[in-house]
Amino acid sequence: MTRIPSSPVALQPPRFTTGLRRPLIGLTALALSIAAVNAQADSLLVTGANGYGFNEQRQLESFSSLYVEDGKVVARGGDDLADQHPQADRSLDLAGKTLLPGLIDAHTHLLGLGYGLLEVDVRDLGSAQESATAVADFAAENPDLPWVRGRGWNQVLWEGKEFPTASDLDAVIAERPVILQRVDGHAIWVNSRAMELAGINADSTAPEGGEILRDENGNPTGVFIDNAESLITDHIPERSPAEMARAYDAAVSHIQAMGLTQVHIAGSSAAELAYFQQRADEGSLGVRLYPMIASTDPELDTLLSRGIVDDPQDWLDIRSIKIFADGALGSRGAALIEHYHDRPDSRGLMLQTREELAALVAQAAEHGFQANMHAIGDRANNIALDIYAEQLDAQPESRELRHRIEHAQVATLEDIPRFAKSGVIPSMQPTHATSDKNMAGDRLGEKRLAGAYAWRYFLDSGSRIAGGSDFPVEPANPFYGLHAAVTREDRDNQPPGGWLPGQKLTMAEALRSFTADAAYAAHQEQALGSLLPGQWADFIVIDRDIIRDDPEAIPDTQVLSTWIAGDTVYEL
């Protein structure tokens with residue numbers, strides 16, 4: 001096999017405090033022999049694998065053996081590899097188990113997941129009343145919390161599909177302020193105590209790009225959408241360093257068990273970036289990170305002026321910024337060209353002006369940073385593409401920055417080919433389609449569904465899709481995303497045959513979006529994602545062959561072990 005260049009410096013990766021390598025024990029039908037149990041062992045021979053990786057042309061290939069030195073793949077191939085490397089420090093016989101490249105989630109909110117794991121979760125509850133009861137129970141169990149926080153409500157799943165109100169919460173918890181993020185993170189639901197502390201009343205006005213929902217008398221109901229969230233959130237105490245550390249450890253432990261070896265973080269503050277750097281310096285990240293600088297952070301200018309962070313060991317690369325163009329479809333904040341089908345007086349919300357968005361893209365490019373713009377509605381995607389095209393005309397070399405559009409959820413059929421033409425990467429989340437299928441038609445009408453969640457059209461027009469989940473908006477399990485991508489069905493396998501089935505991907509295409517093409521979207525395709533010689537030995541072992549088995553069983557996939565740079569960070 002032809003070798004590809006290795007990353008700049010082949011150093012031993014830092015050792016984890018989260019998930020130290022240790023012998024795997026207790027895995028059914030998985031035999032592991034340790035030739036030398038040595039923390040400084042620098043070679044690993046994997047045999048008996050039902051292995052999959054990608055070649056230099058991004059095509060899926062199979063192999064049975066993998067040889068690793070100093071955390072990097074040296075060779076992959078057949079059974080004869082064992083004869084070529086008989087003196088490996090460690091040997092791993094997978095006895096036919098399936099091995100995949102470590103999975104990469106290209107759009108996440110890592111600390112949001114961690115905080116959510118430590119707060120009240122109202123995801124999938126059937127009504128505002130059920131959600132309020134869960135909040136009250138959580139508050140009773142945590143009497144010392146000054147603010148009760150949580151996430152996950154989705155009125156689209158409730159009978160009547162009406163937004164909740166403060167009175168729903170007031171009925172069960174009135175003495176402490178409550179704030180609950182909608183499942184998509186683009187709206188909050190609060191109780192009256194929270195509004196009282198924030199000074200919200202009938203005379204309060206929403207900032208540009210936000211909306212306060214009101215009753216027939218003009219009084220705020222307790223739901224604040226997009227930029228209006230700040231009317232409440234500005235009054236909440238900042239997270240403490242201890243809270244951040246707890247949330248980080250909880251999130252990393254969770255995603256290691258899901259088979260994720262790297263995550264792209266869609267918006268990080270200066271304080272969060274400093275924390276990530278501290279963990280990287282300690283060698284305790286536990287997972288590779290590609291955080292995007294939040295364009296709203298007051299220290300944006302300073303962070304950009306420092307230049308990109310290009311870690312030769314690829315644990316922490318910082319070379320992109322996250323920009324918000326519009327809101328979300330479920331809360332009717334996504335910016336549409338035509339009015340909402342189920343709300344004819346609204347076309348959604350642009351969170352910043354076109355001029356402000358263009359200035360941020362230009363600022364990012366000036367400092368050599370990739371611009372990653374959140375755009376869900378077709379109007380927002382159109383504006384983002386126009387801005388990127390204008391920037392490309394002015395600076396043709398900026399194509400090498402690989403600007404992205406995060407979500408690219410609803411686009412016109414005319415705009416989809418423009419992504420590939422301008423070298424803009426669509427960063428898309430397959431489970432959004434299966435979660436939104438019962439709502440998207442209501443919001444858009446049938447006509448605009450043609451370019452919605454249109455993965456097949458993007459690939460066929462020449463784009464590389466960076467696959468992700470947007471967790472905690474969706475569950476962090478990447479196998480849910482792989483299943484949605486190839487079946488267009490939810491985890492109950494509904495609707496049979498898939499929703500808008502013409503947009504299905506093949507299993508190889510779906511896997512590539514969560515590995516090689518996600519790595520490309522982070523400028524890391526030489527180092528990660530394919531298990532080619534010269535790349536880091538990031539891989540996972542799972543309990544089934546998702547390439548050949550029934551795709552409807554993919555969500556049940558169990559990760560047996562997760563490996564980063566040839567070391568285990570998780571074992572079942």
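Trainee: Which ring does the charged end of lysine 72 sit over?
Mentor: The ring of tryptophan 536. The charged end is 4.7 Å from the ring centre. Keep in mind that this is a predicted model.

Trainee: And arginine 491, what does its charged end sit over?
Mentor: Tyrosine 480. Here the distance to the ring centre is 4.1 Å.

Trainee: Switching to ring pairs. How many aromatic pairs are there?
Mentor: Nine. One of them joins tyrosine 248 and tyrosine 275.

Trainee: What's the geometry of that one?
Mentor: Edge-to-face. The centres are 5.7 Å apart, with 75 degrees between the planes. Over 60 degrees counts as edge-to-face, so the label follows.

Trainee: Where do the two tyrosines sit in the chain?
Mentor: Tyrosine 248 is in helix α7 and tyrosine 275 in helix α8. They are 27 residues apart, so the pair links distant parts of the chain.

Trainee: Are tyrosine 248 and tyrosine 275 buried or exposed?
Mentor: Both are buried.

Trainee: How do α7 and α8 pack?
Mentor: At an angle of about 65 degrees, axes 12 Å apart. α7 spans residues 241–256 and α8 residues 270–282. The crossing is right-handed.

Trainee: Which residues make the contact?
Mentor: From α7, Met244, Ala245, Tyr248 and Asp249. From α8, Ala271, Glu272, Tyr275, Phe276 and Arg279. So the two paired tyrosines belong to this contact.

Trainee: What's the breakdown by class?
Mentor: Six nonpolar residues, three charged, no polar.

Trainee: Back to rings. Which residues do ring pairs link into a cluster?
Mentor: Trp153, Trp158, Phe163 and Trp189.

Notes: Residues are numbered from 1 along each chain as its sequence is written. This is a predicted model: local features need pLDDT of at least 70, side-chain atom pairs count only at pLDDT 80 or more; totals for chains, interfaces and linings use all residues. Side-chain values use heavy atoms; hydrogens and water are left out. Axes are lines fitted to C-alpha atoms, for helices over the stretch in contact, and angles run from 0 to 180 degrees between N-to-C directions. Helices (H or I, at least four residues) and strands (E, at least two) are DSSP runs, numbered from the N terminus. A crossing is left-handed if the near helix is turned anticlockwise from the far one by less than a right angle, and right-handed if clockwise. Contact means heavy atoms within 4.5 Å. Ala, Val, Leu, Ile, Met, Phe, Trp, Tyr, Cys and Pro count as nonpolar, Asp, Glu, Lys and Arg as charged, and the others, Gly among them, as polar. Rings of Phe, Tyr and Trp (its six-membered ring) pair if their centres lie within 6.5 Å; planes under 30 degrees apart count as stacked, over 60 as edge-to-face and the rest as tilted. Buried means under 20% relative accessible area, exposed over 50%, partly exposed in between (1.4 Å probe, protein chains only). A charge sits over a ring if NZ of Lys or CZ of Arg is within 6 Å of the ring centre and within 35 degrees of the ring normal.
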